[in-house]
Amino acid sequence: MTLRPDSTLSLVSPDISADTLGTQSPLKLGILASRNGSNFEAVAQAIKDGQLNAQIQVLIYNNPDAYAAVRAANWGVPAVLLNHRDYKSREELDGQIVQTLRQYDVEWVVMAGWMRLVTSVFIDAFPDKIINIHPSLLPSFKGGRAVEEALASGVKITGCTVHLVCLEMDSGPILMQAAVPVLPDDTPETLHARIQVQEHRILPQAIAILATAIF
């Protein structure tokens, strides 16, 4: 008899009590998203529920069809479209992103499904204050097909990672990770859905960890 793994099982590290994640004043967040925006909504909900002392100053999105913009409107958050196709270089786009974030008085930047590589123009403007959420246990499976590559490799455990952003893609110091089992009948869609549950869980915690330097 083969025991089926519990599909809800996960391991989060570090396991930080919510009581240790308080900050003196609300964090001023800018969120970047390219697609659905479910991680944006997870952060907004954590703020509403009192689990994260922050306020979202602005959402920046680069895809005109991104549902993240609809989510932002529903939460009363300003949304600014910066379509990467309108810029001659990554540096030019990043310069406009920085200008927009400063316009909205952003102190901390969250890349929540931002599908663009960033440059030193962006990173140097917010040193050690940019974080990214990625659907794998980094340093394994970097890039935009992390879930598919995890399935193809035959690993039994994957997950998600929140990390500080540096110039190298999907690198930088790790703030928090959650492990998720890979089930025998998983598809990219079913596995990604379970990973996203953990993304929504750890991203607000990781934001607070970064702000209070508990790592």
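Asp105 lies in the loop between helix H3 (90-103) and strand S5. Helices (H or I, at least four residues) and strands (E, at least two) are DSSP runs, numbered from the N terminus. The phi of Asp105 is near 60°, a positive value in a residue other than glycine. Asp105 counts as partly exposed because its relative accessibility is 40%; buried means under 20% relative accessible area, exposed over 50%, and partly exposed in between (1.4 Å probe, protein chains only).

This is a predicted model, where local features need pLDDT of at least 70, side-chain atom pairs count only at pLDDT 80 or more, and totals for chains, interfaces and linings use all residues. Residues are numbered from 1 along each chain as its sequence is written, and side-chain values use heavy atoms, with hydrogens and water left out.

**Confidence**
- The average pLDDT of the chain is 90, and 90% of the residues score at least 70.
- Residues 1-7 have a pLDDT below 50, and this stretch has six contacts in the model beyond near neighbours in sequence.
- pLDDT is the predictor's confidence in each residue, from 0 to 100, and contact means heavy atoms within 4.5 Å.

**Overall plan**
- The chain has six helices and eight strands.
- Along the sequence, they follow the pattern β-β-α-β-α-β-α-β-α-β-α-β-β-α.
- Of the 215 residues in the chain, 47% are buried.
- Take the contacts between residues at least 6 apart in sequence: 66% of them join residues at least 24 apart.

- In strand S5 (residues 108-111), Trp108 and Val110 point one way. Val109 and Met111 point the other way, and all are buried.
- In a regular strand the side chains alternate between the two faces of the sheet.
- Strand S2 (residues 27-33) runs parallel to S5, and four bridges join them.
- S5 also runs parallel to strand S6 (residues 130-134), with three bridges between them.
- Two strands pair if DSSP finds at least two bridges between them.
- Val110 is the bridge partner of Ile31, and Val110 also stands opposite Ile131 in S6.

**Helix H6**
- Helix H6 (residues 188-212) has 25 residues.
- From first C-alpha to last, H6 reaches 35 Å, close to the 36 Å expected at 1.5 Å a residue. The expected span is 1.5 Å times one less than the number of residues.
- H6 bends by about 30° at Ile202, and Pro204 follows within four residues. The bend at a residue is the angle between axes fitted to the seven residues ending there and the seven starting there.

**Leu52**
- Leu52 sits in the loop between helix H1 (38-48) and strand S3 (54-61).
- Leu52 counts as buried because its relative accessible area is 5%.
- Not counting residues up to four places away in sequence, Leu52 touches residues including Leu27, Val43, Pro204 and Ile207.
- Leu52 and Leu27 are 25 residues apart along the chain, and their C-alpha atoms are separated by 8.7 Å.

**Backbone details**
- The peptide bond from Ser13 to Pro14 is cis, with omega near -5°.
- Another cis peptide bond joins Leu138 and Pro139, with omega about 15°.
- Asp170 is not a glycine, yet has a positive phi of about 50°.
- Asp170 is in the loop between strand S7 (157-164) and strand S8 (174-181), and counts as buried at 13% relative accessibility.
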